[in-house]
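Subject: Handing over the structure, with notes

Dear colleague,

I am passing the structure on to you with this message.

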Amino acid sequence: MSTPTTALPTTSSYRPRRRLQALSAAAVVGLALTLCTTTAPAHAAELVPQTDAEAEQFLDDRAAEDPSTLDRESVPEGISVEQAKKAVEKTDELTPADVEYAAAQEDLPASGVPGDFYETPDSLPSEDGTVLKQADSEFYLDPVKLIKHDAKSTVFMYKTTDEKGQARAATATLLTPNGASGHADDAVVISPGTQGIADKCAPSRQLGMGTEYEGISVASALAAKHPVVVVDYMGLGTEGTHHFVDRVEEGRSVLDAARAVQQVDGSEIDEDTKLQLRGYSQGGHATTAALELQKEWAPELNIASASAGAVPVDLHKTVSGLSSVYTAFALYGVVGFAEQADIDTSDFLNEKGQKMVAETADKCTVEALLSTAFTDGKSLTKNGESFTDIIDENFTDIVDRQRLGKSEVPDVPLLVNHSRLDDVISFDQGKELASTWCRAGHKVAFEDNLGPTHVGGYVAALPRIETFTTRTFAGKAPLDSCWRL
C-alpha cells in the first residue's frame with residue numbers, strides 16, 4: 001500500500017500543517033477498524049461523498065498513504081515508530097493518518113468546557129431527562145484548531161438512570177446551525193461510534209478539541225440545517241464506568257438526552273420537533289436500543305425516523321469474529337462486562353493482560369487500536385483461552401442481555417445500512433435486523449452496499465442516510481425493501 005516518497009520535515013512549525021494535511025487526506029481516518037465511524041477532516045461538510053465513485057476515491061486516498069512518513073512526533077507516547085509502521089503495513093484499514101490522529105490527541109489542550117462541569121451535583125432530581133447544567137462549548141473540525149465550525153455549541157448535563165436503577169448524570173452536546181432561529185421543525189440525535197471508556201474520550205470533550213471522528217456526520221447534518229444532539233453515553237466524561245455496548249444504558253442515554261435538550265437555554269427543539277435517531281456500529285447499537293426502549297422509557301418523544309448502520313445485533317457473534325487487529329475493543333468489553341458481573345479481571349487475565357487492560361482503559365479509540373494491534377488475546381489470559389471462551393465462561397448472561405431485535409420499535413420509517421464486505425460486523429447481522437423489523441410489519445429501507453471493509457461501508461452509506469433523512473422529515477415514505485429480504 002506504500003510508494004516511495006521523501007520524508008516530510010519534522011520542524012515544529014511544519015508539524016501542525018503536516019497533521020492537518022494527513023487528516024484531511026483521510027476522510028475516514030477515525031473510523032479505525034471497528035465499532036466507530038469517521039474522523040472530522042477539514043471542511044467536513046464538503047467532503048461527505050455524494051456518489052459511489054467519490055466514496056471509492058476516499059478509500060484510494062487512504063491506501064496511497066506512505067508509512068515511511070511517520071516519525072517520533074507523529075506517533076503516540078508508548079508506541080515505537082517501528083511498531084506504528086508495522087501496524088500500518090499489515091492492514092489495509094490502519095493508515096499513517098490514524099497514527100497522526102492519535103498523536104494529535106496527546107499534545108492538545110483540553111476543550112473549552114470548564115473541567116469541573118463534568119462533576120456530578122451532590123443531589124439529582126427524580127425525573128429522568130432533567131437538565132442539571134449547561135455551558136458554552138466549541139466545535140472544531142481539525143485537531144490543530146484551525147477550522148472552527150460556525151454552529152452554536154452547548155454542552156449540557158442531564159439526569160438519567162443506569163441498568164441497576166441508580167440515578168446517574170450524563171452529558172451531551174447541542175449544535176445549532178448558524179442562522180437558525182425560532183422553533184426547530186426537525187433535529188438529528190447522533191449516537192456516536194466507539195470513543196473509548198476514559199472520561200477524556202467523551203464526544204462533548206473531543207468536539208471542542210477537534211479530535212471527534214463523528215465530526216463529519218455532525219457537519220453533514222448541520223449543512224442540511226438540522227440541529228444536532230451528540231450523546232456522550234453514561235460514564236463518558238461523567239462519574240462512573242462507561243459500560244461498553246450496554247443496551248439499556250446506551251438507549252436511556254439517547255432518550256434522556258432527547259428529552260433534556262428541550263430544556264436547554266437557547267434550544268429550538270421542543271416536544272413538537274421531529275427527531276431522527278442516527279448511529280453507525282456501536283452508535284447503531286445504541287440507536288436500535290433506544291428504539292426498543294422508547295415506548296416504555298420515553299413514549300412522549302416525537303421520533304420521526306431512525307437510521308442504524310452496521311449494527312452489532314449479536315455481541316457474542318461479533319466478538320467471536322474479531323481478529324487480533326481489534327484487541328482493544330475486546331478489552332473495552334471485558335472491563336465493562338467484569339464490572340457488571342462483579343468479577344475481578346485478575347480471575348482470568350494474566351499480568352500482561354491486566355496491564356494492557358489498565359493502559360487501554362485510559363486511551364481513546366485510535367490510540368488504543370494502535371497500542372494493541374495484532375496482540376493475540378490468548379496471550380493475555382491465564383490459561384491461554386480466547387476472549388470468546390472468557391465470555392462463554394463468565395459473561396454469557398450479560399452478553400445475551402445486549403441482544404437486539406427482540407423488542408417492539410416505533411412505527412416510523414427505518415433505515416438499515418450495511419456493507420456486504422464488512423470485515424468487522426458480519427453483513428448477515430444487518431440483514432437479519434432489517435428482516436426482523438419487516439416481519440413485525442414495519443417499512444424498512446435496507447441499503448446494502450459494496451463499500452470495502454467496515455470503513456468503506458460507512459462512507460458509502462453517508463449520502464443515502466442524508467437522502468433518507470430529508471425525505472422522512474418531509475413526510476415522504478422511503479423505498480420499502482421488505483419484499484426482497
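Predicted model: local features only at pLDDT ≥ 70, side-chain atom pairs only at ≥ 80, totals over all residues.

Residues are numbered from 1 along each chain as its sequence is written, and side-chain values use heavy atoms, with hydrogens and water left out.

Disulfides

A disulfide is a covalent bond between the sulfur atoms of two cysteines. With the criterion that a pair of cysteine sulfur atoms lies within 2.5 Å, the structure holds 2 disulfides. When the bonded cysteines of the protein are numbered in sequence order, the pairing reads 1-2, 3-4.

One of them joins Cys201 and Cys364, with the sulfur atoms 2.1 Å apart. The torsion about the S-S bond of Cys201 and Cys364 is about -100 degrees, so this disulfide is left-handed. The pair links distant parts of the chain, 163 residues apart: Cys201 sits in the loop between strand E4 (186-191) and helix H6 (203-209), and Cys364 in the loop between helix H12 (351-360) and H13. Helices (H or I, at least four residues) and strands (E, at least two) are DSSP runs, numbered from the N terminus. Cys201 is buried, at a relative accessible area of 0%, and Cys364 is buried as well, at 5%; buried here means under 20% relative accessible area, exposed over 50%, and partly exposed in between (1.4 Å probe, protein chains only).

The other disulfide is formed by Cys438 and Cys482, whose sulfur atoms are 2.0 Å apart. Cys438 belongs to helix H16 (residues 427-439) and Cys482 to the segment after helix H17 (453-473), so the pair ties together parts that are 44 residues apart in sequence. The link of Cys438 and Cys482 is left-handed, with -85 degrees about the S-S bond, and Cys438 is buried, with a relative accessible area of 15%.

Largest pocket

About 350 Å³ of space lies in the largest pocket. Of the 19 residues that line it, Gly78, Ile79, Gln83, Leu370 and Ser371 are the closest to its centre. On a 1 Å grid over the protein atoms alone, a pocket is an open set of points where a 1.4 Å probe fits, with protein on both sides within 12 Å along at least five of seven lines, and lining residues have an atom within 4 Å of a point. Helix H4 (81-90), H12 and H13 each give two or more residues to the lining, and the largest share, 5 residues, comes from H4.

Two single residues

Arg247 is found in helix H8 (residues 247-260) and is buried, with a relative accessible area of 12%. Its side chain makes polar contacts (N or O atoms within 3.5 Å, one able to donate a hydrogen and the other to accept it, with residues adjacent in sequence counting only if both atoms are side-chain atoms) with the side chain of Glu292 at 3.1 Å and with the side chain of Ser407 at 3.3 Å.

Ser386 is found in the loop between helix H13 (365-372) and helix H14 (387-394), and counts as buried at 18% relative accessibility. The C-alpha atoms of Ser386 and Asp376, which are 10 residues apart along the chain, are separated by 8.5 Å.

With best wishes

Technical notes
Points joined across faces, edges and corners; volume = space filled by probe spheres on them.
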